[in-house]
Amino acid sequence: MTQTTQESYIDRIGRVLSYIADHLDEDMSVDDLAEVACFSSYHFHRIFRGLVGETVTQTVKRLRLHRAAGELIRSSADVSDIAKRAGYGSVEAFSRAFKATYKEAPVRYRMYVRETPFSLMTQNRKTGMFTVEIKNLPDHKMAAIPHVGDYMEIDKAFQAIFMWGLKHQLVEEQSAGVALYFDDPSQVPTGKLRSEAGFMVTQPVEDAALGVRTLDITGGRYAVLRFKGPYAELEGAYDYLFGTWLAATGEKPAAQPVMEMYLNDPRTTEPSELLTDICVALA
């Protein structure tokens with residue numbers, strides 16, 4: 001495959017990923033998605049899996065269940081409505097799929113995460129006690145693309161920036177994702193939340209058409225909490241870090257956005273095994 005052909009394939013699969021993120025509520029057949037990419041259905045399967053690292057069916061299922069986990073925690077919507085929105089014809093089918101991925105049935109998961117204190121939750125799930133360390137982090141450069149809206153939907157921006165990085169040979173399979181979060185979801189309307197998705201680079205980059213640019217991340221003293229578990233449960237870690245740890249230590253956060261570093265790949269890692277470093281710059 002020539003470089004020009006590979007770049008074309010990456011662009012076309014990128015269109016599919018964007019389409020999936022925008023149409024999670026809708027029925028999406030493989031034929032429809034192949035048409036978005038302008039591939040035959042036969043070749044589309046192989047090309048998508050080769051570039052993304054999972055099948056298109058796995059991508060759709062992962063994103064829908066991720067959204068469903070957030071809805072179970074943050075909303076009072078009926079499980080039947082969440083199941084339907086996730087593309088399942090019955091609560092039973094949704095429950096089986098959700099339990100297979102998140103290790104708990106939807107109702108039990110909702111009750112457990114909402115009612116269990118964060119410190120006990122991490123112990124009971126045998127992930128070990130959370131830890132907060134003060135670390136001196138170096139200055140970094142980040143190739144980033146902005147996302148405005150629900151933090152739970154930042155995956156769309158990650159898909160775009162990583163496909164762009166793959167096209168320009170700036171990322172590899174094991175490259176870690178990095179995100180910056182500027183607003184407090186309890187204070188700012190969901191539709192106006194500001195964040196940036198990207199990865200670390202050594203040299204400045206820019207692509208005005210896609211909105212890619214380089215952000216300078218100031219190093220220094222950071223409080224770093226390592227969280228093990230689903231991204232949907234990160235809010236509990238923030239509550240502990242800002243509501244308990246800072247007060248107990250007397251440390252004060254600096255006027256910088258919170259940075260999250262994702263240490264493993266959600267495409268190949270069970271939600272319960274995902275590792276996220278929440279990094280808060282200290283004054």
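Modeller: Let us begin with Arg213, which at 30% relative accessibility counts as partly exposed. The model is a predicted one.

Biologist: What makes Arg213 partly exposed?

Modeller: Buried requires a relative accessible area under 20% and exposed one over 50%. Arg213 has 30%, and therefore counts as partly exposed. Arg213 is found in strand 5, residues 213-217.

Biologist: Which residues does Arg213 contact, apart from its neighbours within four places in sequence?

Modeller: With those neighbours set aside, Arg213 is in contact with Met142, Ala143, Ala144, Ile145, Pro146, Glu196, Val205 and Glu206. Here a contact requires heavy atoms within 4.5 Å. As for Thr131, 82 residues separate it from Arg213 in sequence, and the C-alpha atoms of the two are 33 Å apart.

Biologist: Why is Val178 called buried?

Modeller: The relative accessible area of Val178 is 1%. The limit for a buried residue is under 20%, so Val178 is buried. Its place is in strand 3, residues 177-181. Leaving aside neighbours within four places in sequence, Val178 has contacts that include Met142, Phe158, Phe199, Met261 and Tyr262. Val178 and Ala144 are 34 residues apart in sequence, with 8.7 Å between their C-alpha atoms.

Biologist: Val148 also lies in a strand, namely strand 2, residues 140-148. Is Val148 buried or exposed, and how do you know?

Modeller: Val148 has a relative accessible area of 56%. Since exposed means over 50%, Val148 is exposed. Beyond its neighbours within four places in sequence, Val148 is in contact with Gly191, Lys192 and Leu193. Between Val148 and Gly191 there are 6.8 Å, C-alpha to C-alpha, and the two are 43 residues apart in sequence.

Biologist: Let us turn to the aromatic residues. Why is the pair of Phe98 and Tyr102 called stacked?

Modeller: The structure holds 13 aromatic pairs. In the pair of Phe98 and Tyr102, the ring centres are 4.7 Å apart and the planes are 10 degrees apart. Phe98 counts as buried because its relative accessibility is 0%, and Tyr102 counts as buried at 9%.

Biologist: What makes the pair of Phe158 and Tyr262 edge-to-face?

Modeller: The planes of Phe158 and Tyr262 are 85 degrees apart, with 5.6 Å centre to centre. The requirement for edge-to-face is over 60 degrees, and therefore the term applies to this pair. The pair links distant parts of the chain: Phe158 is in helix 9, residues 155-167, Tyr262 is in strand 7, residues 258-262, and 104 residues separate them. Both Phe158 and Tyr262 are buried.

Biologist: Which residues do ring pairs link into a cluster with Phe98 and Tyr102?

Modeller: Ring pairs link Phe98 and Tyr102 with Tyr88, Phe94 and Tyr109.

Biologist: How are Cys38 and Lys103 classed by accessibility?

Modeller: Cys38 has a relative accessible area of 53%, over the 50% limit, and so is exposed. Lys103 has 41%, which falls between 20% and 50%, and therefore counts as partly exposed.

Biologist: Finally, how do you know that the radius of gyration agrees with that of a compact globule?

Modeller: For 283 residues, a compact globule would have a radius of gyration near 19 Å; the chain has 19 Å, so the values agree. The C-alpha atoms fill a box of roughly 60 × 50 × 35 Å along the principal axes. The chain has ten helices and eight strands, and 43% of its residues count as buried.

Note on methods
Residues are numbered from 1 along each chain as its sequence is written. This is a predicted model: local features need pLDDT of at least 70, side-chain atom pairs count only at pLDDT 80 or more; totals for chains, interfaces and linings use all residues. Side-chain values use heavy atoms; hydrogens and water are left out. Helices (H or I, at least four residues) and strands (E, at least two) are DSSP runs, numbered from the N terminus. The radius of gyration is taken over C-alpha atoms; the globule rule is 2.2 Å times the number of residues to the power 0.38. Buried means under 20% relative accessible area, exposed over 50%, partly exposed in between (1.4 Å probe, protein chains only). Rings of Phe, Tyr and Trp (its six-membered ring) pair if their centres lie within 6.5 Å; planes under 30 degrees apart count as stacked, over 60 as edge-to-face and the rest as tilted.
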